[in-house]
There are 2 protein chains.
Amino acid sequence: MPDGSSSTSTPRQRYREQVRAEIKEAALEQIRAGGAPALSLNAVAKGLGLTGPALYKYFGKRDDLLTELICDGYDAAAAAMRTAADRAADAPPRERLLALAVAFRAWAVESPHVYQLLAGTPSPGYHAPPETVDRARAVLGPLLGVLGRGDCRGAALELRAEMRFWLNDSPAVEEWVKSWAPDADPATALAGTVTAWARLHGVVSLEVQGLYAGMGHRAGTLLKAEMEALADAMGLPG
Amino acid sequence: MPDGSSSTSTPRQRYREQVRAEIKEAALEQIRAGGAPALSLNAVAKGLGLTGPALYKYFGKRDDLLTELICDGYDAAAAAMRTAADRAADAPPRERLLALAVAFRAWAVESPHVYQLLAGTPSPGYHAPPETVDRARAVLGPLLGVLGRGDCRGAALELRAEMRFWLNDSPAVEEWVKSWAPDADPATALAGTVTAWARLHGVVSLEVQGLYAGMGHRAGTLLKAEMEALADAMGLPG
DNA sequence: CGCTGTGGTTAGAACCTCTAACCCAAGAAT
DNA sequence: ATTCTTGGGTTAGAGGTTCTAACCACAGCG
């Protein structure tokens, strides 16, 4: 009976993959405890029973390790959003939006430092590699399907107009929207999703930074109010 | 004719204050260039023509310097908000809200790294000293006066109810609200301000982190739409 | 069975923050 | 005016970081 690892690999490769996973696990633990700047390769190595420079056989630089953790984080967030969307697939759009927002926040507060790793201040000279944008889109994707059911009014019309320009300029974006909201106006879905994204990030990032300390933890209430207001403004049924 | 410095100080004190100001100026320059983690006391000292440990005669630790820069940043933001509020004092509330939002964003994008210093991921083991919360409140203060003119509906009612608890628990908060919105329902003003704060931070923090890259810089449009939506939801006249 | 390559080591360079000890001169006190 | 004190600035150094270079030893391959 072969184990979970890919069977068509040499023992060396399997060992390498396992050690890489252990390193990432230990690094995540450090980040969970003290945030991204507290991630020390030396300490990670020591925790695994080896010395500092050994890690450089597995990751080119410290930033490469961070990049992989960021990608994993995006994947985890996307998975959380996806399961929330599936679970509420039959609910009316308004409830689906709330379910997605709750899932987003739950994932973020579960490990705040990881959220800040993705959506917080970027590292010193760190430049997000291009593969992260696709993963970020996967996180927001489920929102497209929900908010495509609404429509824009008032000042949101101007936003929607700019979204049309963006859609025309970037085929990748258009395809992304189409794949998540096949039979909706892409610009409307996009305008609603960008708005929801900004609101989610606003509420959640303030929460994970502890800025709500002493207010009684009202983050859930604020988030709900924000999403209800968005649903109202876009006329989401439910 | 005496210079601008306080005349009742010894030459030593005046010199000390001047050097402290120069250090902070140079440190700000470094942060503007590379963000908070790029702030190196050694480099700052070298830039001023002295050696590293000399700075420890002026600031206890690196974090102390950061704290002072953060306080200065809050003061600058509060000043920007205040002048915007004064300039639009006679306009209807809706326009005042927009003016405040524009001022907030303008100050943030002017030096993004400073904004991230205040509202971004906190430093490694950095704990915000209590004096920063007062300064943060000064930034948001002008919003209270504007949003106190509205009222809450729908899901915002629940938020307002929690604000009442918070007001009852914390006299400092109540006094803060009263001082900026004397003849308004405090809970309403507070609920609106917290909502506006989260939306401002959501839009602006995504912008200063460069997450909007390639969308055509629509941050201004999104911000306007968010504030108009808030004004609509709270029934702000204008 | 031997060769190669990979994982691991130590050594070290170049940074960083921060402390300790010392020096010297400007200002204060007498 | 001279002495004393104090505070700015220095060098030295401890302990930390990332990351490179050189080397060793063994696992797994042909």
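The model is predicted: local features need pLDDT of at least 70, side-chain atom pairs count only at pLDDT 80 or more, and totals for chains, interfaces and linings use all residues. Residues are numbered from 1 along each chain as its sequence is written, while chains are lettered from A and ligands numbered from 1 in the order in which they are written.

Begin by selecting residues 40-59 of chain A, which an unreviewed UniProt entry marks as "DNA-binding region"; such annotations may be inferred rather than shown by experiment. This stretch is 35% helix and 0% strand, where helices (H or I, at least four residues) and strands (E, at least two) are DSSP runs numbered from the N terminus. Its end C-alpha atoms are 13 Å apart.

Next, display DNA strand C, surrounded by 21 residues, each with its C-beta atom, placed from the backbone, within 6 Å of the strand. The closest are Leu50(A), Thr51(A), Pro53(A), Pro53(B) and Arg62(B).

Finally, select helix α7 (residues 156-169) of chain A, which has 14 residues and reaches 20 Å from its first C-alpha to its last. Its buried residues (20 or more other C-beta atoms within 10 Å of their own, C-beta atoms being placed from the backbone) are Ala156(A), Leu159(A), Arg160(A), Glu162(A), Met163(A) and Trp166(A). Viewed down the axis of α7(A), these buried residues fall within an arc of 160° (taken from the directions from the helix axis to the C-beta atoms), so they line one face of the helix.

Methods. Expected span 1.5 Å × (residues − 1). Buried ≥ 20, exposed ≤ 12 C-beta atoms within 10 Å, placed from the backbone.
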